[in-house]
Amino acid sequence: MTDEKPKDEKPKDEKPKELRRGRHETEDERADRLWVELLQELRVAQTGVQILFGFLLTVVFQPRFTELSSTDKDIYVVTVVLGAATVGALVGPVSFHRLVTGRRIKPQTVIWASRLTLVGLVLMLGTMASALLLILRVALHDTTALWLVGVLVLWFVLCWFVLPVWARYTNAGRD
């Protein structure tokens, strides 16, 4: 006599299919799905930051650049450096994946790529803030620029970080 259950009998603690939540996928299937989702997110972020960075690279070659104050030139340099760091962080996951493909570490790759993406989003926030500060200082010539940038940074933080964290927190117990 054996203690094995018949194949068609469910364990007593297993919920019926209609009551279970979430996906039923292996660790590799989950990593594949998360990787595809991350790539879609990266496409949006990379496009925006690459356009902004390309624009920033051309500013120094404009005739009016020499007329900027030393403060505005410093803001420009900070903005370009932040833009370059942002591109590095947001392209990093692609390079990371390419260098470890076939090593059977996709779940870890997804984790590291997600972390790089989050760093990239924080750097993008800095890039956007400094680019807006430079542009609005040149356009407005007064302290209104600083207030507008402050409001926009708060808006970005709300949209990019606060709302997702709030949604995650309020739905934490539903699984």
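I began with the largest pocket: α1, α3 and α4 (144–170) each supply at least two residues of its lining. Helices here are DSSP runs (H or I, at least four residues), numbered from the N terminus. A pocket, on a 1 Å grid over the protein atoms alone, is an open set of points where a 1.4 Å probe fits, with protein on both sides within 12 Å along at least five of seven lines; lining residues have an atom within 4 Å of a point.

Before going on, I noted that this is a predicted model, where local features need pLDDT of at least 70 and side-chain atom pairs count only at pLDDT 80 or more, while totals for chains, interfaces and linings use all residues. Residues are numbered from 1 along each chain as its sequence is written, and side-chain values use heavy atoms, with hydrogens and water left out.

**Entry: the largest pocket**

I looked up its volume and found about 1000 Å³ for the largest pocket. A volume is the space filled by probe spheres set on the grid points, which are joined across faces, edges and corners. Which residues lie nearest the centre of the largest pocket? They are Arg30, Leu34, Glu41, Ser114 and Arg168, out of 25 lining residues. I sorted the lining by class and got twelve nonpolar, three polar and ten charged residues. Here Ala, Val, Leu, Ile, Met, Phe, Trp, Tyr, Cys and Pro count as nonpolar, Asp, Glu, Lys and Arg as charged, and the others, Gly among them, as polar.

**Entry: the second largest pocket**

The second largest pocket holds about 260 Å³ of space. I found 13 residues in its lining, with Phe55, Val59, Leu68, Leu134 and Val138 nearest the centre. Helix α1 gives the most to this lining, with five residues. By class, the lining of the second largest pocket has ten nonpolar, two polar and one charged.

**Entry: α1 against α3**

Next I turned to helix α1 (residues 27–59) and helix α3 (residues 106–140), which pack at an angle of about 25° with their axes 10 Å apart. Axes are lines fitted to C-alpha atoms over the stretch in contact, and angles run from 0 to 180 degrees between N-to-C directions. The two helices, α1 and α3, are therefore roughly parallel (under 35 degrees; over 145 is roughly antiparallel). Their contact (heavy atoms within 4.5 Å) includes Leu34, Trp35 and Leu38 of α1 and Val110, Ala113 and Ser114 of α3. I sorted the contact of α1 with α3 into 15 nonpolar, four polar and four charged residues.

**Entry: α2 and its two partners**

Helix α2 (residues 70–100) packs on α3 at about 160°, with axes 8 Å apart. That makes α2 roughly antiparallel to α3. Their contact divides into 20 nonpolar, twelve polar and three charged residues.

How far apart are the axes of α1 and α2? I read 9 Å, at an angle of about 150°, so α1 and α2 are roughly antiparallel too. Among the contact residues are Phe53 and Leu56 of α1 and Val87 and Leu90 of α2.

Terms used. Parallel < 35°, antiparallel > 145°, perpendicular 65-115°, else oblique.
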